[in-house]
Structures are given as structure tokens and as C-alpha cells.
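Here are a few exercises to work through with the model open beside you. Try each task before reading its solution.

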Amino acid sequence: MPVSTPVVPGTASPVPGAPPGRRRPARSARSGGPALPYLLLLPATVVLGAMLAWPLVRLVLLSVREFGLAQQFGQPAAFVGLDNYARILDDPQFWAVLGRTVAFCGVTVALTMVLGTLVALLMDALGRGLRLLVGIGLMLAWAMPPVSATIVWQWVFDTRYGLVNYLLTASGAGDFRGHSWLADPVSFVAVAALVVVWMGVPFVAFTLYAGLTQVPREVLEAAQIDGAGPWRRFRSVTVPYLRPLLAILTALSVLWNFRVFTPVYVLQAAGGSARDTNLVGVFAYRISIGENRFDVGAAVAVVMVVLTLALTAVYLRQMARQEDV
Amino acid sequence: MRPVPAGAAVATAALLLAACGSAADATGTGGSSPDGGTEAGGQTVRLWLNGEDTPQEMVDYAVAEFEAAHPGVTVEFERQQWTGLVEKLTTSLSSNDSPDVVELGNTQAQAFEAAGALHDLTDKKEELGGDDLLTSLVEAGTYDDRFYGVPYYAGARVVFYRTDHFEEAGLEVPTTLEEFQAAGAALKQANADVPGYSGIFFPGKYWYAALPFVWESGGEIAVQDGDTWDAQLSSPGSVEGLRQVQQIMATASGAPVDGDESQDYLAFCNGEVGMLMGPGWKIGQIVNEDDGCPELEGSIGAFPLPGSEPGTTAPAFLGGSNLAVSAGSEDPELAYELVKVLTSDGYQEQFAELGLLPAKVSLLEGVGGSEAAEAQAAAAANSRFVPSSERWAGVEASTVLPDMLVAIAGGADVEAEAARADEAIEALLNG
């Protein structure tokens, strides 16, 4: 296989090499009519503006007014400036919820990514039949509506009739009859994290598996001939190829897991103490819908949006930088 | 957020049973006009009732009565779910497509009255029954001395018990709270071989059942002092009641410390429960043929929760519903005519047969026939209600009370937990 050696340096150049060739005609078009590209962008901008920007603007407007049930029924909504923000920033509960949410997000994203990558590597290594089987399993887990998935897990961990307590007791690990997994905030959050990771792994695994099929076999073989072990090949060949995918998947998982709602809300109805297990999504819901403080709830939501942007910006910037190199 | 019988969302099976005769045609949205041909140019009145608490045959009865009295008017009936009802009412009552007559849980009503979502019915109060209406439901329906929510039905919790378990353990029906607690502990000991057995099934989140103990020992949730609310859970009386609850949970209950009461009938049917506190219709849920245990029918008794002295009852939490005319109704007079049918004696008497209490004192005498119904009527005679504030819905939504009880069930210090809950309740009620 002498052919494989020159391919390694070669793979780097075609990628950055290609765009300049394509860019040239675009430049000449711009000199022809400067308004045209903007005109062409207009329809998409209008649609995006109506669908995304307007609700966000409404949210921000809501967060600086007094808006409760009475305002919903027609009374004027007074402008209160940043009062609603001051109220939540003063609330120790808000900070507790926020800290819990960030920790929850970090742990679940890390677990989802690691497990997702492992499953993708497994699928890559498996034969056709078994890969199909794993794929179907993942697809079923992914297709399950979050409420149903959470309720099934809640049954598994049920205090009186749950499978986990039964198996632990039967296997002699101790007397777990009547043990409540949701009563303790730490094990409550662990169960919620399990549900979130379980629901998040399929998407990561599928996407990374698709990415893995694009890693050139020649390069891996060349690395193997050069004496790189499996871990070295994974780190130095596979991961660089997958890096853009990994960055996007991590950013998306952060987005999803930061505003996780259903598993926490459903589990809180089953057990545990809401006070000690609220995450920011549920917290905002309880304030807006439960207490009818739509204004304060909107302020929490705005803070959430800003934080999510900040968290994902780090990854997106990193990704952009990698493309420049 | 849900009132007691409303908590019946899960108990639908029981009430469906009662309505079994006509269950086949209970298609859910039975907008009906019996004579069919009157729709052209006719007016419609939109009626929303919740859950399965009102069975379809009662709805059909009311629709027929109303349409007979108002030819050309059609009632458009829609059944709503208790879960998520406040959200749904918040958006629909403020839209220009508002229903005309709605049912509200009695703990939810005040928020909508204060917001101006409902039509003022103060001058109709006498005509609807005046002093004959159940006082605590009238309270729920009144805001700022104006009357908006018309009492619809009520329910109070009673104690259901296994007569065979009582016999085996040689116990009598308790006549005081102390005996009640002792009987629970004795049952638990006598059935120690049954894993997770509860002499008294008392899960941690069951705050409706904890309130009678607080009230009986002289406590309160909160009292109004001028314009501000003063939370009372850490007052000596309340703490005493909560300690009693903690003791029952520790000595007599085998229920999950962080669970709620929604599945209690399953534990009861599994033979894991000696006594449980539940609304009058609970018996129907226990013996329902779908996932209940009809074979136990002969060995279930009921009594009102006793007070601290023999011959008295502890104050029961009165749950129930109110009817209201939407402020956005196009024809409030016509909508009111429908409310009148729904509160008429002929209609209300049918509630008694279902294990719910009619909304008028004069009709309570008609409640009877079963031990559960009689126990409920006795319990309702001495009943109390949550603080009457438009912000109360927020207290329920924030889960302060269940959170406090879960901690107490887990063995936490009662005074510290009560003080913590008081702080949260005051913040919520005083805005």
C-alpha cells in the first residue's frame, strides 16, 4: 500500500482549497448589482423575523411590564423597568435553581456525548444484522414521546412496585423495599438525568455514526501501518474528522438539556420535593403559569435565552475557528 | 390547584361506572339539539364542564331542560380536563371566542374573579338560593363583596376502612383522633407480615388530608390581618397538628413519603391498606371493575374523621366547584339561564346519587343511602376552606404545602419546616 502515504497530507489541502475557486463568481455577481443579494435574502429574513424574532421581542417587552392575570383580562400593563429582573436576581431560590441547572446540563451533555460516541463506534464495528438491531433500538428510544418515556422510567424506579427496588432487593444488595428514589434531591436529579441521557443518546449516536462512515479508511489504515494503536487512531484521525460534528452536537445538547422540562415536571408529580429539584425551565413555568406572574416568568425566560446563547457561543466560535485553520 | 372532587380526574372510572347506562353515547362533545331542526339562525350557548365529575346523562338532562325552555337556542357542550384547566381558561376566557358558562375548581375561582374574567352575578344571588347555598362555596365564589361563582357541587373527605382487617385486629371504629392514630398503628403491627402495609395510608404529598389535623388543634394556614396575610403554619396549634401528622406517617403509614394519593386505591385493593382518607366517591374508584377490586365491596366501611372529643368530627377540607358566566359572553342573560338549570333542585339532586354533595343545604338531607354518603354529609357539616385570596392558586402551584409535608414525612423538624413554609406562603399571598 504505498499509495496511502501521500494521501495524509493531501486530505488537508482540498478542503480549504475548494472554496476560493467557488467564491470568485460570487464576487463578480456582487459588483454587477449590489441590491440583488439583499433582495434575495429578504423573504427568508421576513419569515425568520416573524417566527423567531417577534416572539423574542414580545418576551422581552413582557419582562419589563407588570403582567398578571388581570392584565391578561384587559387591564393596562404598567411599565416597570427592570423590577422583574431585580426580583429574580434577589431571589436565592433562583440562584439555586440556576446552579442546579448548569450542573445538570454539564453532566447530562458529557454523558450523552460519551455514550453517543461509544454507541456510534459500536455500530461502526458491528456487522450488518446487529447494526440494524442496534439502530432499531435507538430509533424506538428516540421516537418515544418524552412524557411516555419519563413515565416508564418513573415506574421502573417506583417506590412500592418498581423494578429497580425489586431487582436490588432480590440480588441481595440490601433491603430496597419501599425505598424512594425521588425523595432525595440528588437521586431525583440522577433519575431525571438518566431519562434525559437516554433520550439524547440516539440522535448523537446516529449523527456520529454517519460521520464515522465518512472517515477515509485509507487514512486509518495508513495510521495503523505507521504503528498507531486504536486509541491513537481514534484521537488523531477520527476525532479531527468528526470535530465539526462533535461541536455542533455538543452545542445542540447544551441547548436542549439547559431548558429540559418534561422529565423534571413529570417526575415532580410522581414524587420528590419540587422546591429542591426545580430546574430553570420548570421554575419559569411554575412562576408564569402557576402563579400567573407572566412578567416575572418572562424575565426568567430572557435570562435563560441569554445564558443559552452564552453557553453555545463558546462552542460555535470554537467551531468557526477550526474551519479557518 | 385542583379542588377535592375535582381531584377526581383520576377517578373518572368510578363516575363512568355510575353513568354506565348511557356511557355508549358519551362521545365527549355532545353538542346536541334533540329536535334537530332549530339550528337555522339559532343562538348557541357554550358550556364547559370539567373531568367526568358531571356524567353525560346529567349534561343531557340539563341541555334538554334548557333547550325546551328556550326554543331556538342550542347548547354547545365541551368537556375539559382538570389538568391544565387554569392555563386553558386563562387563554380562552380572555379571547373573543370565550365559552359562556364555565366550571371552576373552588380553589381556582378567586383568581379569575379578581382578574375581571367573570360576569357579576351579585343581583342574582337570592334567586339562585341565597343563604341556602353552601357557605364555603359562596365564599370561593365571592370577591370584594361581589358574587361571581355559583356553587355547583361539593365533596368532603372521609375515612374508608377494611372491616375485615378491623375485625382481625379486634378494633372498633375510632371515636377520637387519638384512637384513630392508635388504630392505625395497631393495624400496621397486626399486618407486619404484609410488606409496606399502612394502617393509615398517608403519603407525604397528601396535604388535603393533613389540614384537618392542623384545624382540629386550633391551627390555620394563614389569616388575614388588614391587607396582609399572616401565615400560621408555625403557630403552636398548627405545629401540634403537623406533629400528629408526622407521627401517623411514622407509626401507621407505609405509603411513600414523597408520593401522592392518586394511586391509593391500588394499594387498598392489594390488601396493603387498613384505612385511607378519601373523598366520598373514592369507594366507587376502589370497587371499579377496570383496575379496582369489586370483590372487596362487602368489606369496606366509612366514617367521618373524628375530632379530639368523642362525638365530634375534625374540620374537613371542603372541595368543590363553582359555575360562572364569562365576562366575554355575548349574551350573559341567556348564559345565566343555563346556570339556573345547572343549579336547579332537580339537577342538583342527581349529584347526591353520585357520591358528591349538592350545593344547597336543603338538599343535603337527600344525601344518604350508603355509609360513605352519610359519613360525607357528616364531615361536610364541619368543613373549612383554604385562605380566601386570589393569590391562593399561586400557593398551590408553588407546591409549598406538599414540599413541607414531604420533608415532615421524612422526619424533618416540624417547627423549622413550618416556619420555612410560612415564609414562602406570605411571600406568595402578599405578592
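The exercises below cover a disulfide, a strand, a helix pair and the nonpolar cores.

This is a predicted model, in which local features need pLDDT of at least 70 and side-chain atom pairs count only at pLDDT 80 or more, while totals for chains, interfaces and linings use all residues. Residues are numbered from 1 along each chain as its sequence is written, chains are lettered from A and ligands numbered from 1 in the order in which they are written, and side-chain values use heavy atoms, with hydrogens and water left out.

**Exercise 1.** Find the disulfide and describe its setting.

*Solution.*
- Step 1: Searching the whole structure for cysteine sulfur pairs within 2.5 Å gives one disulfide over all chains.
- Step 2: Its partners are Cys269(B) and Cys293(B), with an S to S distance of 2.0 Å.
- Step 3: The angle about the S-S bond is -70°, and the link of Cys269(B) and Cys293(B) is left-handed.
- Step 4: The two cysteines are 24 residues apart, with Cys269(B) in helix 11 (264–269) of chain B and Cys293(B) in the loop between helix 12 and strand 11 of chain B. Helices (H or I, at least four residues) and strands (E, at least two) are DSSP runs, numbered from the N terminus.
- Step 5: Buried means under 20% relative accessible area, exposed over 50%, and partly exposed in between (1.4 Å probe, protein chains only). Cys269(B) is buried at 19%, and Cys293(B) is buried at 1%.

**Exercise 2.** Which way do the residues of strand 11 of chain B point?

*Solution.*
- Step 1: Ile300(B) and Ala302(B) point one way, Gly301(B) and Phe303(B) the other, and all are buried.
- Step 2: Strand 11 of chain B pairs with strand 6 (150–162) of chain B in the antiparallel sense over four bridges; pairing requires at least two DSSP bridges.
- Step 3: Ala302(B) is the bridge partner of Phe160(B).

**Exercise 3.** Describe how helix 2 and helix 14 of chain B pack.

*Solution.*
- Step 1: Their axes (lines fitted to C-alpha atoms over the stretch in contact, with angles from 0 to 180 degrees between N-to-C directions) lie 11 Å apart at about 175°.
- Step 2: Helix 2 of chain B is therefore roughly antiparallel to helix 14 of chain B, a label for angles over 145 degrees.
- Step 3: Met58(B), Tyr61(B) and Ala62(B) in helix 2 meet Gly346(B), Tyr347(B), Gln350(B) and Phe351(B) in helix 14.

**Exercise 4.** Which residues touch the most other members of the largest nonpolar core?

*Solution.*
- Step 1: A nonpolar core is a set of buried Ala, Val, Leu, Ile, Met, Phe, Trp, Tyr and Cys residues joined through side-chain atoms within 4.5 Å.
- Step 2: Among the 54 residues of the largest one, the answer is Phe112(B) and Leu342(B).
- Step 3: Helix 13 (332–342) of chain B gives the most to this core, with seven residues.

Key:
Angles under 35 degrees count as roughly parallel, over 145 as roughly antiparallel, 65 to 115 as roughly perpendicular and the rest as oblique. Contact means heavy atoms within 4.5 Å.
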